[in-house]
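Visitor: I am new to this structure and would like to learn how to read it. Could we go through it one feature at a time?

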Amino acid sequence: MKGKIGVTSENLFPIIKKFLYSDHDIFLREIVSNAVDATQKLKTLASAGKYSGEITDLKVRITVDKEQKTLKVSDNGIGMTSDEVEKYINQIAFSGADEFLKKYKNDANAIIGHFGLGFYSSFMVSEEVEIISKSYKKTGKAVRWVCDGSPEFTMEDTVKDSVGTDIIMHLNADSLEFLEESRISELLNKYCKFLPVPVVFGKKKEWKDGKYEDTEEDNQINDVAPAWTKKPVDLKEEDYNNFYHQLYPMADDPLFNIHLNVDYPFNLTGILYFPKLKNNFEVQKNKIQLYSNQVFVTDSVEGIVPEFLTLLHGVLDSPDIPLNVSRSYLQNDSNVRKISAHITKKVADRLQEIFRDNRSELEEKWNDLKLFIEYGMLTDDKFYEKAIKFFFFTNTDKKLFTWDEYKALIEPSQTDKNNKLVYLYATNLESQFSFIEAAKNKGYDVLLMDDVLATPLLNHFEQKYPESHFVRVDSDVIEKLVAKEDLDQAHLTSEEKNELSPIFQSVIPKDQGQFIIDFQNLGENGLPMIITQNEFMRRMKDMSKMQSGMSFYGEMPDSYNLVVNLSHPLVKKVLDQKNSALGNELAGIQSEISTLSEQKKSLEKLKEGKKEEEVPQEEKDLLAETREKITKAEAGKREKLEQFGSNNQLAGELVDLALLANNMLKGEALSNFVKRSIELIK
Ligand code: ADP
Ligand code: MG
C-alpha cells in the first residue's frame, strides 16, 4: 500500500526539520521512550489478564550498523497492527492544527510535545525511517512501513518472529555521528539513564589482553528504579548519597536532602540536595534534572523551580510537566506555578525540621548553606517568612544566633537614644580589628557579615524591621554608632579646630580618596585619631558592584572621615607645637583678618537698604577689595598651617597611625612612616 501522511504534516515536516535542528539529539529520547511505553503497555495488559505471552524479559535494545548506516531501536512491547500504524503514524490529523502551528511556529518543542510528534523527530537525522512491527494481537501478520521524510510512505505486510517493534533509522549524511558508539552512549546516558525498562546498548566490556573486549553480558545503561521512585521509608542516608553520586560523580557529599512526594493537586516526586559548594557561589555545572515519568526532559529548570533553588542539585519528576518543555508554555502553566510554590514550601519546611530536631547539625553546615538561604530570603518572600526562624547570624566570635536570640542579646545594650536597635557588623575580622575591639570594650556585640550577599541582606532586614539599623563598626566612632547621649564638644574652640584641619589635611595621602576632618571628644584614653567610612555611601558603593544602574555611586571616590579626638593629649600637643612655631605670625595674620572683617562689616552696613545703583562706586570697590584681602589673608594662614603640618612629625605620625589601623598605609607612605617612627623613637 502507498499513501500520504495526514494533510497537516506537510506543514509539519519542514518545521520539525528546521527548528529542531539545533537540538536534534532528542530524537533518540523520543524513539526510546516510545519503545519503553510499548513495553510498559504490554506489562499492563498482562497484569490485567489481557495478554498471556512472555513478559519477563521486556527490554529496549539499541543497535548501530555502521555498514548499513542505520540506528535501530527494538522493543518487545505491544507492537502495532497495520491499522494502528495507519492510525497513530499516518494520520497525524488533529483539529486546529493550522492555528496552533502559526502560534508556535518558532517553538519546535511545543509542537512536538503537543502533538505527540515524537516519532517524527527521527526524520531530523534520517533520510529514511522504517517501522517493522508485530502486534501482540494474534493477527499473525507483521507490518513494514517506510518513509523518506516526504509525506509519501509505503506500507506492506512482512514477517517478524516476535511481538514488538523495530524502528530503523537510515541516517542522513549530516547525522553519521550517531553511528559512533560513544555518541550514542552519551545520549543514552543523558536522556535514558533512569528509564523504567532495561535499555541495552551493546555488550558489557572487559579489559583483556591489553584491550577492551565484549563479554556475553548485555550492557544495560539505565537504573530502572532510581531512588526518587522509592518510598522515603525504604531509603537510608547512604542510599540518598549514593544516588547523589550517581547523578554527579565528581561532586562532594551533599549537605542535606529533601525527598519530594506529592500526588495532589499535581504529581511530583524527586529528591533535592543542598550541595556542598567548593567556593563561594561557584558557577553551577551540576544542575537539577527534570524528568517526566523517568524520561529526562531538561536540566534548565528555570521557571519550574524558584530561582534561588536552581542552586540546588537533584531530580524532579512530574508527568504533569509536559515532556517537551517550552519556556513560554511553562511560564503560563498553572501546574508549574503550583509546583514551584510547593517546592519552596517543602524546602523551607525541611530546613525548619532540621533546625527543630537537629540544630547543631544545621549550625555545623551553616557556612555552606547560608548563601542559598540568604538568596532565598532576598528573592522569595514566602521563603523569607519561614527562613527568618532558622536563619543564623554569626558574630565575630563565630557564635550563631537566630534572629530572635540575637535581638534579645543586643536589645538591652545597643538601643540608642532614639530607640533604634543598632546592629553592629564587621566584614573583615583583621582589617576592622580595632573597631571590633572598641565596640566589644563598650560591651557591644559585633556580627560578622562577610559573604557576597551581606549588603543586600541587611538592606532587606532594615526594610522588614524599620526599628533596626545596621552599621559597620568602622562607619563612625563607636560613641556615635550607638549614640547614647549628646557628646561633650566643648574642649577646643572653633578657632582651634579651624587651625587643626589644614595641619592634618596636609599630611593625608592624596591618593586614598577624600577625607573630611571631624572633631570628636573620645576621651583621653581613646585613640587620638580614627578613620571611618560613612555607612550609607559605602553601602551604596557595595550595591553598585552588584546592580546595574547604580554606577553613579560606584564611580564616586572613596570618602572617609578622619575623626580627631579633641581630648587626646597628643592632639593638644600638636596644637601647642603649632602655637610655638607659628604663634606670632598667625596672631599677626589673625589680627589683620579681624581688622579687615570689621571694615567689611561696616561697609556692608552702609549698603543696607540701598538699591545697587544708589551705592557710590568707591564704596563698592572698597568692599570688593576688602573681601579679596580677607580671602588672601585666610589663604596665607592656611598655607602657613599646611606648611607647618607637612613638616610636623607628630601630625604625620598620628595620621599615619590611623591609616595603618585601617590597613590604608602602603608603599612609599608606609616606608616613610617607618623611617619617621625610627626618628621619633631615637
Ligand atoms: P506519543 O508517544 O506522544 O504518543 P509519538 O509520535 O512518539 O507520540 O508516537 C505516536 C504513537 O505511535 C504512539 O502513541 C504509539 O501508539 C505509536 N508508537 C510509536 N512507537 C511505538 C512502538 N515502539 N511500539 C508501539 N507503538 C508505538
Ligand atoms: Mg512518543
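Visitor: Which residues does Phe274 touch, not counting residues up to four places away in sequence?

Guide: Keep in mind that this is a predicted model. For Phe274 the list is Pro254, Leu255, Phe256, Ile258, Leu312, Val347, Leu351, Leu369 and Phe372. Phe274 itself belongs to strand β11, residues 268-274.

Visitor: Is Phe274 buried or exposed?

Guide: Phe274 is buried, with a relative accessible area of 1%. One of its partners also shows how sequence and space can be compared. Pro254 lies 20 residues from Phe274 in sequence, and the two C-alpha atoms are 5.8 Å apart.

Visitor: What share of the contacts in the protein joins residues 24 or more positions apart?

Guide: Counting contacts with a separation of 6 or more, the share is 70%. As for burial, 49% of the 682 residues count as buried. The protein has 23 helices and 22 strands.

Visitor: How should I read the buried residues of a helix?

Guide: An α-helix has 3.6 residues a turn, so residues three or four places apart point the same way. Now take helix α6, residues 181-191, where Arg183, Ile184, Leu187, Leu188 and Tyr191 are buried. They cover an arc of only 130 degrees around the axis, which puts them on the same side of α6.

Visitor: What covers the buried residues of α6?

Guide: The cover includes helix α2 (26-47) and the strands β2 (60-65), β3 (70-75), β8 (199-208) and β13 (295-298).

Visitor: Which residues of helix α14 are buried?

Guide: In α14, residues 433-441, they are Phe435, Ile436 and Ala439. Viewed down the axis of α14, these residues fall within an arc of 100 degrees, so they line one face of the helix. They pack against β17 (421-426), β18 (446-448), α16 (478-481) and β21 (529-532). After α14 comes Gly443, with a positive phi near 85 degrees.

Visitor: Which residues have a positive phi although they are not glycines?

Guide: Two cases will do. Asn419 has a positive phi of about 70 degrees, and Asn663 has one of about 65 degrees. Asn419 sits in the loop between α13 (403-410) and β17. Asn663 sits in the loop between α22 (649-661) and α23 (667-681).

Visitor: How are these two read for accessibility?

Guide: Asn419 is exposed, with a relative accessible area of 63%. Asn663 is partly exposed, at 47%.

Visitor: At what angle do helices α17 and α20 pack?

Guide: For a pair of helices, read the angle and the distance between axes together. Helix α17 (residues 494-505) and helix α20 (residues 569-607) pack at an angle of about 105 degrees, and their axes are 11 Å apart. The two are therefore roughly perpendicular to each other. On the α17 side, the contact is made by Glu495, Glu496, Glu499, Leu500, Ile503 and Phe504. On the α20 side, it is made by Val571, Val574, Leu575, Lys578, Leu586 and Gln590. By class, this contact has 7 nonpolar, 1 polar and 4 charged residues.

Visitor: Where is Ser340, and is Ser340 buried or exposed?

Guide: Ser340 lies in helix α9, residues 334-357. Its relative accessibility is 16%, and the limit for buried is under 20%, so Ser340 counts as buried. Apart from neighbours within four places in sequence, Ser340 is in contact with Ile304, Val305 and Pro306.

Terms used
Residues are numbered from 1 along each chain as its sequence is written. Chains are lettered from A and ligands numbered from 1 in the order in which they are written. This is a predicted model: local features need pLDDT of at least 70, side-chain atom pairs count only at pLDDT 80 or more; totals for chains, interfaces and linings use all residues. Side-chain values use heavy atoms; hydrogens and water are left out. Axes are lines fitted to C-alpha atoms, for helices over the stretch in contact, and angles run from 0 to 180 degrees between N-to-C directions. Helices (H or I, at least four residues) and strands (E, at least two) are DSSP runs, numbered from the N terminus. Angles under 35 degrees count as roughly parallel, over 145 as roughly antiparallel, 65 to 115 as roughly perpendicular and the rest as oblique. Contact means heavy atoms within 4.5 Å. Ala, Val, Leu, Ile, Met, Phe, Trp, Tyr, Cys and Pro count as nonpolar, Asp, Glu, Lys and Arg as charged, and the others, Gly among them, as polar. Buried means under 20% relative accessible area, exposed over 50%, partly exposed in between (1.4 Å probe, protein chains only). The arc is that of the directions from the helix axis to the C-beta atoms.
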